[in-house]
Amino acid sequence: MATPFGVFRSPNISPDPEVGIGNWSMLDFINAMVLGLSPELEHYYPAFPYPHYQNINYDDLIDLKTYLDTLPPSPNQVADHELIFPYTFRRGVGLWKWRYLERNKSLRTSDPKTPVERGRYLVTGPGHCGACHTPRDVFGGEMVDRFLAGAESFEVGEGPEGESEGRIPNITPHSDGIGDWSETDIAYSLESGFDPDFDSFGGSMVEVQENTARLSAEDRAAIAAYLKSIPARRSD
Amino acid sequence: MKTFLLVIFATAALSATTPVTFAQDEVPFQNQIEARQSFMKIYRFNIGMLGAMAKGELPYDAEQASAAANNLLAASKMSNGAMWPAGSDMNSEGLEGVTWAKPDIWTNFPEVGEKSRALTEALESMAAAAGDGLGALRSNMGAVGDGCKGCHEPFRASKD
């Protein structure tokens, strides 16, 4: 993924013991997901969305690791990130975490029992919707006071032109956002990929929607209920 | 100067009263871009009929469903290459905010053709099934959606 900070590459998370995470203990996995720390206790760059994954509960993290362990190991060796100075210094990420991790944690739910709170859990944790839909400041930290209010795509095309991937929509209940979508509209769009005007989703939301299509109908309804409950914010 | 001002006022008056799609009267390839965007609206209108039934917002009607599905199939078989001239992408001068078509379309024609054939195939199944009850319609919606997303995922930028 090409970003203003350089090119990030998605690492191998298959159970291959050499190039994947096959040698990781459960604790290693949880440290990575919650604290953004490698088994060698180095900081991960927040392109890995641990600011969101820290909001996933331990039971789900344990299930996730248990599932990943059942996948076939892949020998695919992924090249390193190619970042632009000064982001090449990993230790700087420590400072970044100190500034931003608590902010994202403030969005989490304490009790995901009701549909709205279950929706909050899915949106602010495993779904990590804010990673694209919340604008970021100059350091790449999400502006929680602009939570889900839409953003310039963080992804830029590779090459000298740096083609923008466009704007990521505002999904708050504002008229700039999806204020006129009903809960059924939201849930159906996550199931089918069609917005209420029956335009299909496009761009990177397609991959996301193909995953939300596999959620239970209750979970899609929970996301819809939660998105209707958050503060309406205008777009920039 | 007077004539010049008059022209400005006349233009201002015109654009204030005429509901035009574009902020300016003239953008490159306006004709082709308007045509293809209208073409997409035809799709959207007909998918909207099927979708509203699938979603439970409109009572299922076999005849209407078949008609909409057949319209979609016919549309997908229309040759519309002339609506997509080279240089009518979103990065071309004057077309920002007018079109969201990525320039990659023009460097990936074989892929575009493949996606278009996949959409036609999905619509053939839909046209055969839409009149056979709500269940049949519903079970074909996913494939039709995949047909739309086939191009919208790689080739259309986000519009917000």
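Modeller: Before we start, a residue is called buried here if 20 or more other C-beta atoms lie within 10 Å of its own. And keep in mind that this is a predicted model.

Colleague: Thanks! So which residues in H3(B) are buried?

Modeller: In H3(B) the buried ones are Ala65(B), Ala68(B), Ala69(B), Leu72(B), Leu73(B) and Ser76(B). They sit on the same side of H3(B), because they cover an arc of only 135° around the axis.

Colleague: And which exposed residues does the face turned away from the buried side carry?

Modeller: On H3(B), that face has Glu63(B) and Lys77(B).

Colleague: What covers the buried residues of H3(B)?

Modeller: The cover includes H2, H4 and H5 of chain B.

Colleague: How many residues does H3(B) have, and how far does it reach?

Modeller: H3(B) has 16 residues and spans 23 Å from its first C-alpha to its last, close to the 22 Å expected.

Colleague: New topic: which residues touch the most other members in the largest nonpolar core?

Modeller: That core has 23 residues, and those touching the most other members are Leu50(B), Ala69(B), Leu72(B), Leu123(B) and Met126(B). Helices H2, H3, H4 and H5 of chain B each give two or more residues to this core, with the largest share, six residues, coming from H2(B).

Colleague: What does Leu123(B) touch?

Modeller: Leaving out residues up to four places away in sequence, Leu123(B) touches Ala69(B), Leu72(B), Leu73(B), Ser76(B), Val144(B) and Gly147(B).

Colleague: Which residues are in the other core?

Modeller: The other core lies apart from the largest one and has 20 residues, including Leu148(A), Ile223(A), Leu227(A) and Ile230(A).

Definitions and conventions
Residues numbered from 1 in each chain as written. Chains lettered and ligands numbered in written order. Predicted model: local features only at pLDDT ≥ 70, side-chain atom pairs only at ≥ 80, totals over all residues. Core = buried A, V, L, I, M, F, W, Y, C linked by C-beta atoms within 7 Å. Buried ≥ 20, exposed ≤ 12 C-beta atoms within 10 Å, placed from the backbone. Helix = DSSP H or I, 4+ residues; strand = E, 2+ residues; numbered from the N terminus. Contact = placed C-beta atoms within 7 Å. Expected span 1.5 Å × (residues − 1). Arc of directions from axis to C-beta.
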